[in-house]
Amino acid sequence: MSANETAGRLPVADRAAIFGAVKRLIVEDRAAFAGVVALYVLAAGAGAALPVMLGDVIDGIGTGWTASRVDLVCGAIVGCVIVQLLLLRTGRKLGYRLGERAAAKLRESFIARVLRLPLGTVERAGTGDLATRTSGDVGAVAELLRKTGPEVAIGAIELVVLTVAAFIVNPLLGLLFLTGAPAFIIAAKRYLRLASPVFLSERAAMSEIAETLTASAAGSQTVAAYRMQAERGEAGYARAETHMGRLKGIIRLQTWFFPATDLTFLTPAVVVTVVGGVWFLNDWVTVGEVVAVAMLTLRLDGPVFRSMMSLSEFQMGGAAMARVEGVHLMPDEVREAAPEGAEVRLDDVTFGYGDGPDVLHGLSLHPRRGERLVVVGPSGAGKSTIARLIAGIDRPRRGSVTLGGAPVADIPLEVLRRKVILVTQEHYVFTATLRENLNLALDVTDPDARDEGEAGDAALYAALATVDARWVADLPEGLDTMLGEEHHELNLAEAQQLALARVILADPDVVILDEATAGIDPGSAGNVEASLAAALNGRTVIAIAHQLQAAESADRIAVVREGRIAEAGSHAELLAAEGAYASLWWAWKGVAA
Amino acid sequence: MPADPWRYLVSVARAHTGLVMLGFGLLSVSGTAWVLLPWAIAKVIDEVLLAGTTEPLLPWSIVLGTVAIASSWVFVAGYRALFMAESHARVRTVRNLTDHLNRAGTGVRGAISPGEMVNLSTEDAHKTGSFIFQLGFGWMGLVMTAVGTVLLWRADAALGVTALVGVVLIGFVVGPVLSRLQHHQIAYRSSVATLTGQASDVVGGLRVLRGVGGEAQFSRRYKVASTHLRDAGYGVARADSWVQGLRSSLPLALIAAVTWVGARLALTGSITVGELSAAFGITALVAQHSGAMIGMAQSVIAAQVASRRLTAFFKTRSDVADDGTGAGARGPLVDPASGLSITPGLLSVVVSAEAKPTEAAMERLARYRDSEARWGDSPLGSLALAEVRERVLLLRDDYLFAQSLGETLRVGSAGIDEAKALAAIEDACAADVYSSLGSTLDGEITNGGRNLSGGQRQRLRLARALAADAEILLAVEPTSAVDAHTESLIAERVAAARAGRTTAVVTASPLWLSRADRVVWMVDGKVRASGTHAELAEHGEYRSLTSRQES
């Protein structure tokens with residue numbers, strides 16, 4: 001797996017980085033790790049003692065042991081079982097806890113890192129990639145550390161212990177015991193090479209089934225409206241057919257893999273019995289030794305299968321770990337500029353996304369302090385880009401975007417956020433209480449300062465009232481009501497009001513509203529805008545709108561077209577100029593021009 | 001399709017009776033061969049080693065080798081047969097779901113969440129198949145127990161009894177009790193879900209967090225939940241380690257017991273040394289497979305639960321009656337509940353401060369809800385549903401499926417050719433959608449239109465509705481996400497394209513109102529007044545709603 005296959009993608013850790021991460025986790029918890037390994041080894045030893053002691057009993061019977069001697073050894077066998085249980089139980093418990101701790105550490109540092117990632121980088125990679133890593137890969141790594149890893153480790157330890165036991169019983173028979181090793185190595189290598197893509201493609205086919213059927217269900221009305229039943233039916237059947245093909249791929253793999261794995265212990269079982277038998281007749285070994293080693297070979301069955309079956313999961317866990325660890329490979333943004341004051345200036349700014357063409361062409365804009373500036377223009381003119389530049393999400397290609405004299409993209413986030421807040425049309429309600437959702441903006445890292453940071457209930461209610469959020473009165477548990485899909489779900493308008501209330505509470509120097517009221521009912525949008533304007537009085541407000549609601553009452557209006565400021569001025573000035581804004585305005589007002 | 005969960009399972013399995021029977025037969029042979037393996041080893045020990053002669057070595061080696069190969073190869077053949085039966089069953093359930101989605105139509109709205117649909121089509125479909133598989137393994141365990149008991153019994157009844165009692169105890173008594181201990185895992189799994197939800201929140205809301213802050217709060221919250229999960233994991237570890245430990249130690253305990261009994265018998269000469277080792281080996285193999293018998297019971301229960309969810313979904317019916325037969329209705333569409341009436345041949349604009357009741361009225365007129373609505377003299381319910389769907393089109397936040405742009409615009413279906421599709425794109429001002437997809441109708445749209453922006457999705461939906469060229473088009477807020485300039489163009493082009501046809505648009509935008517032949521003003525879901533825009537502008541309340549911040 002190479003890092004950075006495609007430019008823009010989030011990086012993936014290479015083998016060395018994964019080993020480094022695993023080593024770090026082990027070293028941090030080394031006492032527990034050593035203890036767990038020791039327990040597993042001893043438990044495997046106690047289990048392997050059974051066939052060995054059986055061999056002793058058989059040879060003992062041949063050499064005339066008494067009944068009490070046989071009872072003594074059989075009692076010892078029972079003792080081994082009890083010891084094995086206790087060792088294995090303790091080992092499993094500690095091993096599970098060890099994995100659980102490691103998983104917790106890994107996911108917490110992952111999330112902490114994700115929260116610090118530069119937004120521009122995440123967006124270039126696509127949030128889908130990050131979402132997969134967060135929801136799928138983190139869980140897969142936890143499974144690896146908690147379950148699959150120990151499973152493979154226990155299997156490997158048992159294999160080694162059984163082999164050692166065979167050599168202790170009789171080194172010659174021990175050599176015969178190894179005749180299964182080539183089959184094991186070849187099967188494991190081949191399986192590791194082939195299995196992952198086969199299982200992954202099967203899972204992908206299953207996700208496609210889920211996606212297709214979920215789309216059919218979610219779009220049932222569209223299917224009815226456009227009479228798409230036949231093609232939805234075909235789509236579902238085709239997905240099922242693809243899945244069937246992938247399942248056949250799995251069975252093709254297992255058809256050779258299972259017999260090959262069986263050879264791992266069937267070969268030594270037969271060889272030990274037959275060759276060992278001949279050696280016995282030559283007096284090189286005893287009957288008891290042959291039986292003991294033959295029975296040891298039969299015990300290989302369990303660990304061989306358990307570890308082989310875990311191999312592909314183990315490997316996929318490794319791939320997930322590579323993606324999770326990958327986020328740590330991203331360079332940190334260095335942002336150290338210190339703004340003085342809160343004046344925003346865009347000077348001769350040229351900007352484009354990624355390798356794309358320029359979106360803004362030498363654009364200059366100087367919102368005055370405390371001014372309410374409305375930016376209007378057709379879709380795709382670059383309005384939202386201006387918002388992102390002022391909020392410090394992106395850096396201009398040429399020219400400068402400054403806040404208080406410092407380049408915005410160089411100001412540390414904690415500082416920037418107290419001065420500039422961007423509210424976009426993308427509203428997200430977090431699965432948390434209404435209070436927590438509102439307090440986001442008052443986030444204070446220093447726990448001593450938190451009392452100050454968390455606004456009182458009265459302030460929260462006042463902010464909600466300002467944005468006309470009357471629905472709050474109907475919430476079952478007021479500010480402590482859990483929001484989010486599985487709890488109380490907010491509609492678009494309510495989510496937008498929540499976002500605006502956050503801004504009022506945060507009270508920054510500069511507020512950028514990018515289509516922030518687009519989803520609110522036409523009946524109440526006007527009220528919300530008016531009361532918001534009152535609440536933000538004295539702040540610099542930059543409102544971006546494709547509709548003209550907010551324009552008339554603005555101090556100044558900037559019309560953006562094709563990445564340039566086409567006109568700017570007050571409502572009255574622009575109407576008098578009879579330019580693009582004027583014609584748009586009259587059309588919008590419903591007055592025939 | 002059977003409505004009873006058990007019968008559904010049987011019907012799914014029965015479709016592949018041949019494969020199932022073949023699988024069970026082969027696994028019986030394989031199970032027998034497995035148990036014969038230690039028996040053959042014992043024969044070599046007794047008749048070659050202890051007899052001190054190499055003469056029977058060759059025949060017994062051949063038997064041993066054959067048994068070894070058979071146990072493994074026949075097993076794979078049986079496994080293969082059951083795997084295929086399971087796969088066919090899964091595919092069958094997915095097809096059944098596909099068919100049912102079409103049969104129930106809009107009846108699935110609100111009846112099933114996306115998450116449930118995902119589960120039905122993946123986990124539940126899997127379980128309805130995998131029980132066949134687990135039954136096969138359970139059966140193999142039973143065969144092994146039976147053959148093993150018989151072999152041991154033939155050596156000595158005491159050995160047979162000890163082994164049988166032990167296997168039954170492990171498989172049917174202790175095993176299920178142990179499984180109960182695993183209830184901790186349920187709490188654990190829900191903690192995992194909570195944590196995953198929080199993590200997804202971080203990614204989903206990253207833009208918001210970056211805009212207003214809250215990273216530290218989220219990091220803190222995640223840490224708390226992560227610690228909870230860790231502690232829940234510790235709880236699982238406590239119980240689960242006993243389960244895992246006992247699962248591995250109980251077979252060993254049984255082996256110890258059989259060995260002890262066998263050793264005493266061998267000492268007195270009742271059984272041979274070879275039989276003692278066979279007892280050890282057979283018990284080891286049988287005890288190891290006794291787990292499969294527990295798995296069998298569990299998988300059947302899980303399959304029944306899954307089947308119950310599936311059959312419950314199969315019971316959803318269409319929520320709009322489809323028993324009308326009438327055709328050829330003429331005249332205005334009338335919704336008595338709201339008083340809304342759509343005049344044929346005109347562009348009507350419906351204005352309201354409240355979105356929900358207006359949209360509900362549109363749903364009634366397009367027959368997405370059963371109601372008293374009429375089309376001219378005919379109650380809508382008396383008309384054939386297919387006819388209503390063909391002639392009346394409701395446009396709102398329609399779904400965009402994963403297909404090409406041409407397929408999305410229904411090119412190739414009745415009366416829609418490429419030229420018409422391109423014209424619809426033009427009328428909906430969706431040329432940027434076309435160009436962003438490579439300026440070809442073959443450009444692919446991803447599920448939900450996720451490769452388009454919100455505004456592009458809205459205009460593409462409008463283009464699809466325009467291309468369909470329905471006799472009556474009812475559009476709810478078709479241009480809420482576009483800028484004023486574009487909205488003005490769309491209103492102009494749609495009015496021209498649909499001249500002479502019936503069109504109703506729910507919006508308060510003056511850009512549409514200025515094009516309207518007729519305006520209906522609704523308040524609280526009832527028609528307050530109707531007429532031209534100019535006539536209605538006499539009402540102050542209407543004016544403030546439509547001309548926005550009139551000073």
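In chain B, helix H2 passes helix H3 in a left-handed crossing. This is a predicted model, so let's take the helix pair slowly and then turn to chain A.

**The helix pair in chain B**

- H2(B) covers residues 17-50 and H3(B) covers residues 57-104.
- The two axes come within 7 Å and cross at roughly 160 degrees.
- Because angles over 145 degrees count as roughly antiparallel, H2(B) and H3(B) are roughly antiparallel to each other.
- Sorted by class, the contact between H2(B) and H3(B) holds 31 nonpolar, five polar and two charged residues.

- Helix H7 of chain A runs over residues 181-218, which makes 38 residues.
- At 1.5 Å a residue, H7(A) should span 56 Å, and the 53 Å between its end C-alpha atoms agrees with that.
- H7(A) bends by about 35 degrees at Leu194(A).

Methods:
Residues are numbered from 1 along each chain as its sequence is written. Chains are lettered from A and ligands numbered from 1 in the order in which they are written. This is a predicted model: local features need pLDDT of at least 70, side-chain atom pairs count only at pLDDT 80 or more; totals for chains, interfaces and linings use all residues. Side-chain values use heavy atoms; hydrogens and water are left out. Axes are lines fitted to C-alpha atoms, for helices over the stretch in contact, and angles run from 0 to 180 degrees between N-to-C directions. Helices (H or I, at least four residues) and strands (E, at least two) are DSSP runs, numbered from the N terminus. Angles under 35 degrees count as roughly parallel, over 145 as roughly antiparallel, 65 to 115 as roughly perpendicular and the rest as oblique. A crossing is left-handed if the near helix is turned anticlockwise from the far one by less than a right angle, and right-handed if clockwise. Ala, Val, Leu, Ile, Met, Phe, Trp, Tyr, Cys and Pro count as nonpolar, Asp, Glu, Lys and Arg as charged, and the others, Gly among them, as polar. The expected span of a helix is 1.5 Å times one less than its number of residues. The bend at a residue is the angle between axes fitted to the seven residues ending there and the seven starting there.
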